[in-house]
Amino acid sequence: MKYLKFLRTYVCLLLGFAAFTACTSEADEVLKDGKGYVSLSLSIEDRFQTKAVDENDYQDVDNYTVQILQEGKPVSGCEWAYPEIPESIELENGSYTLKAFYGTTDAVTKEAPYVEGMQDFVVDDDLQKISVSCKLKSAKVMVAFDPSMDEYFSDYSVVFKTKAMEDDASFVWTKTASGETRYFVVEAEEKVDAVMKLTDKNTGKSAETKMDVTLSPGSNKKYTLKPKVDEETGETGLGIEITIDHSTNDKEVDITIPSNWI
């Protein structure tokens with residue numbers, strides 16, 4: 001009985017080993033055919049907890065689109081909504097980029113910020129899991145004009161131009177767009193070309209001055225413009241209240257505009 005039990009165990013081990021060897025060989029034959037297989041996943045950075053983003057949809061990976069790129073171009077048949085990604089994707093050997101994103105890629109948008117993740121990988125007759133971390137790419141900005149602006153200026157506006165915009169493009173907050181929010185795709189610590197334009201109500205003369213604006217992905221800034229008159233000189237200046245992330249005290253910056261300048 002002991003001999004039969006040992007023999008039965010030995011045969012089972014042999015069969016198990018043979019099955020394992022067959023599976024490995026079969027996989028090797030597929031992988032040596034100039035192709036590999038990848039499975040994809042994505043994560044979202046905790047940075048979305050910043051008050052610059054209160055859109056809960058950005059926390060849900062199922063809302064993201066996933067692409068596989070090669071030399072910067074989408075590979076045919078390799079774009080999915082995240083819930084529809086196949087468990088395993090067959091690719092020819094070569095260099096690729098996994099891209100996941102949510103939101104519009106426009107340089108400036110009214111709707112919501114843009115989120116993106118990119119991860120390079122190489123397929124070389126292998127099986128691998130590729131993961132990408134998605135990051136916020138936009139800054140949230142609001143410009144508001146105090147109603148008293150109309151007492152001194154017949155027209156006024158703020159113009160923003162970021163690196164992501166085309167050469168001849170910019171975004172303008174007109175006097176009628178006060179309080180509107182926009183999302184700008186920006187680089188880290190990007191110095192934005194921001195200009196205030198004013199037209200004096202009495203003289204009709206126009207002038208402009210640059211604003212000191214630095215934005216990064218996740219920034220949340222509000223600029224409130226209001227006139228300020230120096231009681232001693234009578235010169236009209238412009239005070240700018242800047243609120244950042246709704247968590248700091250307002251910071252007022254006075255830009256004096258001499259009356260003869262406009």
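**Entry 1: Terms and model**

I took helices (H or I, at least four residues) and strands (E, at least two) as DSSP runs, numbered from the N terminus. Thr199 lies in strand 13, which covers residues 190-200. I noted that this is a predicted model, in which local features need pLDDT of at least 70 and side-chain atom pairs count only at pLDDT 80 or more, while totals for chains, interfaces and linings use all residues. Residues are numbered from 1 along each chain as its sequence is written, and side-chain values use heavy atoms, with hydrogens and water left out.

**Entry 2: Confidence**

I looked up pLDDT, the predictor's confidence in each residue, from 0 to 100. The protein has a mean pLDDT of 80, and 74% of its residues reach 70 or more. Over residues 1-29 the pLDDT stays under 50. For residues 1-29 the model has zero contacts beyond four places in sequence, a contact being heavy atoms within 4.5 Å. Where pLDDT is low, the predicted coordinates should not be read in detail.

**Entry 3: The whole protein**

I recorded two helices and 17 strands for the protein. Of its 262 residues, 40% are buried; buried means under 20% relative accessible area, exposed over 50%, and partly exposed in between (1.4 Å probe, protein chains only). Among contacts with a separation of 6 or more, 60% are between residues 24 or more positions apart. The accessible surface is about 15500 Å², and carbon and sulfur atoms hold 49% of that surface. These areas come from the Shrake-Rupley method with a 1.4 Å probe; for residues, only the protein chains shown count as cover.

**Entry 4: Thr199**

I returned to Thr199, which counts as buried because its relative accessibility is 15%. Its side chain is joined to that of Ser206 by a polar contact of 3.0 Å. A polar contact is a pair of N or O atoms within 3.5 Å; within protein, one must be able to donate a hydrogen and the other to accept it, and residues adjacent in sequence count only if both atoms are side-chain atoms. Leaving out residues up to four places away in sequence, Thr199 touches several residues, including Tyr152, Asp155 and Gly204.

**Entry 5: Leu215**

I found Leu215 in strand 14 (residues 206-215). Leu215 is buried, at 0% relative accessibility. Lys140 is 75 residues from Leu215 in sequence, yet their C-alpha atoms are 8.8 Å apart. Beyond its neighbours within four places, the contacts of Leu215 include Ala139, Phe160, Val186 and Lys221.

**Entry 6: Aromatic rings**

I searched the whole structure and noted nine aromatic pairs. Rings of Phe, Tyr and Trp (its six-membered ring) pair if their centres lie within 6.5 Å; planes under 30 degrees apart count as stacked, over 60 as edge-to-face and the rest as tilted. The Phe160 and Tyr223 rings have centres 6.3 Å apart and planes at 75 degrees, so this pair is edge-to-face. Phe160 belongs to strand 10 (residues 153-161) and Tyr223 to strand 15 (residues 220-229), 63 residues apart. Phe160 and Tyr223 are both buried. Phe171 and Phe184 also form an edge-to-face pair, at 6.1 Å centre to centre and 70 degrees between the planes. Phe171 is in strand 11 (residues 171-174) and Phe184 in strand 12 (residues 180-185). Phe171 is buried at 13% relative accessible area, and Phe184 is buried at 0%. One aromatic cluster is formed by Phe160, Phe171, Trp173, Phe184 and Tyr223.
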